[in-house]
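Me: I am new to reading protein models. Please take me through one, feature by feature.

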Amino acid sequence: PLVEQVFTLELLAVELFVLFPVTARIVKRRSGAGHVALAAAAAGAAGCLLDLHDRALLWSFAVILALAAVVGPLVLRHLRRYKRAVHGPWDVAALDEGMREDLRQREGTAGD
């Protein structure tokens, strides 16, 4: 590779992994619509670059992006209903009175 190609790749890496997250955080803080537009522009740019390389990569990217953006949140929303129904011994928010008393006794004897 030429020196210019290496420099271009290094510059792209710095822009993507250092500057873009900082810029995205600032835009998100100032404007919700701007944040959505920035994310769409980044996805569109990635799609265009993948299309230049291989059309199959573009379609794979589009399917994975759709799954992550649409199906993932829907699955989490569906599973949240079951989280409310589960109250096992690991769930601190659902301590019964017997467990609270046991916890108080342990905390009282731990300092002795």
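**Reading a helical model**

Reply: Start with a pair of helices. Helix α1 (residues 3-30) and helix α2 (residues 32-53) pack at about 145°, and their axes lie 6 Å apart. This is a predicted model: local features need pLDDT of at least 70, side-chain atom pairs count only at pLDDT 80 or more, and totals for chains, interfaces and linings use all residues. Residues are numbered from 1 along each chain as its sequence is written, and side-chain values use heavy atoms, with hydrogens and water left out.

Me: How do I read the packing of α1 and α2?

Reply: Two packed helices are described by the angle between their axes and the distance between the axes. Axes are lines fitted to C-alpha atoms, for helices over the stretch in contact, and angles run from 0 to 180 degrees between N-to-C directions. Here the angle is about 145° and the distance 6 Å.

Me: Which residues of α1 and α2 meet?

Reply: Contact means heavy atoms within 4.5 Å. From α1 come F20, A24, V27, K28 and R30; from α2 come G32, G34, H35, L38 and A42. The residues of this contact divide into five nonpolar, three polar and two charged. Ala, Val, Leu, Ile, Met, Phe, Trp, Tyr, Cys and Pro count as nonpolar, Asp, Glu, Lys and Arg as charged, and the others, Gly among them, as polar.

Me: How many helices and strands does the protein have?

Reply: Helices (H or I, at least four residues) and strands (E, at least two) are DSSP runs, numbered from the N terminus. This protein has four helices and zero strands. Along the sequence the pattern reads α-α-α-α.

Me: What share of the protein is buried?

Reply: Buried means under 20% relative accessible area, exposed over 50%, and partly exposed in between (1.4 Å probe, protein chains only). Of the 112 residues, 4% count as buried. The protein exposes about 9,700 Å², and carbon and sulfur atoms supply 69% of that area. Accessible areas come from the Shrake-Rupley method with a 1.4 Å probe; for residues, only the protein chains shown count as cover.

Me: Which residues make the nonpolar surface patch?

Reply: Patches are made of residues with over 30% relative accessible area and no salt bridge: like charges are joined within 9 Å, nonpolar side chains (Val, Leu, Ile, Met, Phe, Trp, Tyr) within 5 Å. V63, L67, V70, V71, L74, V75, L76, L79 and Y82 make a patch of about 840 Å². Take V71 as one of them. V71 sits in helix α3 (residues 55-85). Its relative accessible area is 40%, so V71 is partly exposed.

Me: How many salt bridges are there?

Reply: Side chains of opposite charge can pair when their charged atoms come close. A salt bridge is a side-chain nitrogen of Lys or Arg within 4 Å of a carboxyl oxygen of Asp or Glu. The whole structure has three. R55 pairs with D51, the closest N and O atoms being 2.7 Å apart. D51 lies in helix α2 and is partly exposed at 30%.

Me: Where do E101 and R104 lie?

Reply: Both are in helix α4 (residues 97-110), three residues apart, about one turn of the helix. E101 is partly exposed at 38%, and so is R104 at 48%.
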